[in-house]
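Here are my notes on the model, point by point. Please read them with the structure open.

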Number of protein chains: 2
Amino acid sequence: MNTNQLREDAFQIFQAGLDAVNPAQAVKRHLQVHKNSLSVSHHHYPLSRYQNIYLIGAGKASAAMAQPLEEALGSLLASGFINVKYRHSLPLKRVQVKEAGHPLPDEAGIKGTREIVDLLKKSGEKDLVIFLISGGGSALLTLPVEGISLDDLQQVTQTLLRCGASIHEINAVRKHISQVKGGHLARLAYPSTLISLILSDVIGDDLDTIASGPTVPDKSTFRDCLQILDKYGIRDQIPSSVLLHLEKGLQKGIKESPKKGNPAFTRTQNVIVGSNRLAVEEARKKSELLGYNSLILSAFVEGETREIAKMHAAVAKEIRRSGNPLSPPACVISGGETTVTVKGEGFGGRNQEFVLSSAIEIKGWKNVVVLSAGTDGTDGPTDAAGAFADGETVQRGLDLGLDPYPYLKQNDSYNFFKPLEDLIITGPTYTNVMDLHLVMVGAKD
Amino acid sequence: MNTNQLREDAFQIFQAGLDAVNPAQAVKRHLQVHKNSLSVSHHHYPLSRYQNIYLIGAGKASAAMAQPLEEALGSLLASGFINVKYRHSLPLKRVQVKEAGHPLPDEAGIKGTREIVDLLKKSGEKDLVIFLISGGGSALLTLPVEGISLDDLQQVTQTLLRCGASIHEINAVRKHISQVKGGHLARLAYPSTLISLILSDVIGDDLDTIASGPTVPDKSTFRDCLQILDKYGIRDQIPSSVLLHLEKGLQKGIKESPKKGNPAFTRTQNVIVGSNRLAVEEARKKSELLGYNSLILSAFVEGETREIAKMHAAVAKEIRRSGNPLSPPACVISGGETTVTVKGEGFGGRNQEFVLSSAIEIKGWKNVVVLSAGTDGTDGPTDAAGAFADGETVQRGLDLGLDPYPYLKQNDSYNFFKPLEDLIITGPTYTNVMDLHLVMVGAKD
């Protein structure tokens, strides 16, 4: 397989991964309505048992997830309410859609979340609630407890971020000042039956972390929250409303977030309908159909993108040199979310920078192609999802007067790949399960 | 396999890799004397054909490589001369050993190289020369052309390094002002028969790069050298002796370095007797003997060590989570040479920092062990070769009051691992094929 073939195949393999996490497809694959029974991943819900079926949700992909459900349930669906990011709504018949702020939550998000809570409060033992969660769900499902304002919430998040608290520490505090996160949403839905369909945008697909776990038991406590504030010495930088609430919680003046064993969770089914791993696995299947020896390296990829790219290039070289870890034609697949430490003034994204770094590493290697692209179709602030590189990319750049080294130094990957016509443009995909990386190695010929 | 077992096995696997590149073993494996015939990797040299057999060499391991040859050849060996690093000499009978400067070449190295050149000049068509090259060979085999001093040589190298020239560009210039690099040594040996036994310390084992390729055709030209100076605008920063020599070369006043097709190379056999890849492959064999599913990821590993470690940890997590790229008990092996961008004031090395970064990534993961260690037994300026980490390492550190994050920030990996007794101490191994990284994943419990 020559370089052109490898590039074409790489794009098809990426596309297969993308298709697997298309929000509508992801929902349809995991949920079917058949003969008055709703099946969700081997669980069966006889629809005659339920008085009302409600649909709620929050996240960038939630409108796209709701469409096939409306179609499948038809008039069985009583009503619903979902929050999506601005410009992410789609036409729905029985479900109201509220556009709201992301990544920073806003009052629209709070308003929408209140609607969802009101709907849950009126749902009862004989009702079924289907909850759709996707990337951005944390910001789009926001409702602080009474007395804590949106400003207070943002201030405490900022303070925690600044002092270097981990995502788990930040989430512990957020869960304890929220009416919906940290299992509270499941508690509100109880005694209804709750099905939570999750499109994961988190490495490791930890249910406790995705959107701060609205439908799973919370492991953290009010005591933990106050210990976190003390650990970083930030009690005096926290809004008094937040501190007061946490202290009241410690003194048992407020109920803890729902823990393991809470009856709400006996009526809750959490199902991951789409994730980076799923995309990676489907990409792998496609690569095998196309005749490649293939291998999933990891769906846990994190780290500085230009360095992680070097490791992927190192695997490409080994395949060519020794046939390890697998022999050509080979396709090595990984996924996750890398980071860029911005030092330059350029324009690009983590995927394009991954590919630029790879291009430098594989310079001169025959029939080696690297692809990296974001499943949401938007890499950084650019209109590209990612890019391609092969062993000739650097030379083709130099021929156009584009020296890859200064472009990499300036974090200017977009402006390196655009004139080379090596960008991958998909447009917005309305899904997000982070990024896919492909390393393709053909025979030497 | 529990964590303790994984650690023990990891050490054994590392040791197997190390044994494979032990200088004496490496030479013995590739060269045998049997019934008056010398066999080197499927080539046979009838010893009766040769009048004299000479042994020459340069590198940290060259004395250790010479010992088994003296033993095998006995009185067939006429004489020899090798340059080793200070404190790296070993007792030899027929071969003189000169200790010299490394990594910076010194006058002792030049003196020794002149002895080698004199020996080669007196060798003739009926003689056999065995040349031993190993890590440090570039500095330890140094002889600038007449009129260029050691100071001049160092100045031009420094200038090229400072302006950001690549290793290939630096080598092009070095080869053109040297009497021995860039194929010149093979030319000097001609018409003798030349066997070059190479212990590679270079990623990719490119013969042209190892010690600046004394026994292989040179691809670069005087014209290239001057273009490199112009590319970086450093003609006026280069010692006049060097510039004069390069310009004279361009005007055909001096012969080019030996190119492909030069008769010298028809009488030269280059054999890599030890390399990172060989260590990685032997480590893999050992891991399979110990009952692991195993996989060679790459022997081309480069990049910022703490980020490359994250990629290794990501593979460990995937193995545990999905059984990709292979199922537990699993051993993933890689090798190469990572780098550390020193920002702190701590004490450590690239392998120990790799393991510290890994420890943070695998925190809390059951039965996952990471090992990284240098095959030369010396990681950075420390007395350790590397270190171990498992899922409990961070907690054990915290229990001793050692927070891994500031230790990583300060590049202080040695002082994190020493109190934990997680350092790997081998002492000097007299070999160097860069580093080995092992990721071990046992069953969940």
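1. A:Pro325 sits in the loop of chain A that runs between α12 (305-322) and β11 (330-336). The bond that joins A:Asn324 to A:Pro325 is a cis peptide, with omega about -5 degrees. Helices (H or I, at least four residues) and strands (E, at least two) are DSSP runs, numbered from the N terminus.

2. The model is predicted: local features need pLDDT of at least 70, side-chain atom pairs count only at pLDDT 80 or more, and totals for chains, interfaces and linings use all residues. Residues are numbered from 1 along each chain as its sequence is written, chains are lettered from A and ligands numbered from 1 in the order in which they are written, and side-chain values use heavy atoms, with hydrogens and water left out.

3. Where is the other cis bond to check? Look at A:His102 to A:Pro103, where omega is near 5 degrees. A:Pro103 belongs to the loop between β6 (95-100) and α4 (107-122) of chain A. Most peptide bonds are trans, and most residues other than glycine have a negative phi.

4. A:Lys252 is not a glycine, yet its phi is positive, near 65 degrees. A:Lys252 follows α10(A) and lies in the loop between α10 and β9 (268-274) of chain A. With a relative accessible area of 73%, A:Lys252 is exposed. The cut-offs for relative accessible area are under 20% for buried and over 50% for exposed, with partly exposed in between (1.4 Å probe, protein chains only).

5. B:Lys35 is placed in the loop between β1 (31-34) and β2 (37-40) of chain B. B:Lys35 is exposed, at a relative accessible area of 75%.

6. Helix α10 (residues 240-250) of chain A has a buried set: A:Ser241, A:Val242, A:Leu243, A:His245, A:Leu246 and A:Gly249. Which elements cover these residues of α10(A)? The cover includes α6 (150-162), α7 (167-176) and α9 (222-231) of chain A. Contact here means heavy atoms within 4.5 Å.

7. In chain B, helix α7 (residues 167-176) holds B:Asn171. Is B:Asn171 buried or exposed? Its relative accessibility is 4%, so B:Asn171 counts as buried. Not counting residues up to four places away in sequence, B:Asn171 touches B:Thr209 and B:Ser212.

8. B:Ala316 is in helix α12 (residues 305-322) of chain B. B:Ala316 counts as buried because its relative accessibility is 1%. From B:Ala316 to B:His184, 132 residues apart along the chain, the C-alpha separation is 47 Å.

9. B:Asn293 lies in strand β10 (residues 293-301) of chain B. With 33% relative accessible area, B:Asn293 is partly exposed. Neighbours within four places in sequence left aside, B:Asn293 is in contact with B:Leu326, B:Ser327, B:Pro328, B:Pro329, B:Ala330 and B:Cys331. B:Asn293 and B:Gly135 are 158 residues apart along the chain, and their C-alpha atoms are separated by 32 Å.

10. Now the overall fold of chain A. The count is 16 helices and 15 strands. The radius of gyration is 23 Å; a compact globule of 445 residues would be near 22 Å, so the two agree. That radius is taken over C-alpha atoms, and the globule rule is 2.2 Å times the number of residues to the power 0.38. Along the principal axes, the C-alpha atoms fill a box of roughly 70 × 60 × 35 Å.

11. Burial and contacts in chain A come next. Of its 445 residues, 61% count as buried. Among contacts between residues at least 6 apart in sequence, 77% join residues at least 24 apart.

12. Finally, the pair of chains. Chain B is laid on chain A by a turn of 180 degrees and a shift of 0.1 Å along the axis, with an RMSD of 0.1 Å. The two copies are therefore related as by a two-fold rotation axis. Both copies use the same surface: 100% of the contact residues of chain B recur in chain A. The superposition is by least squares on the C-alpha atoms of residues with pLDDT of at least 70 in both.
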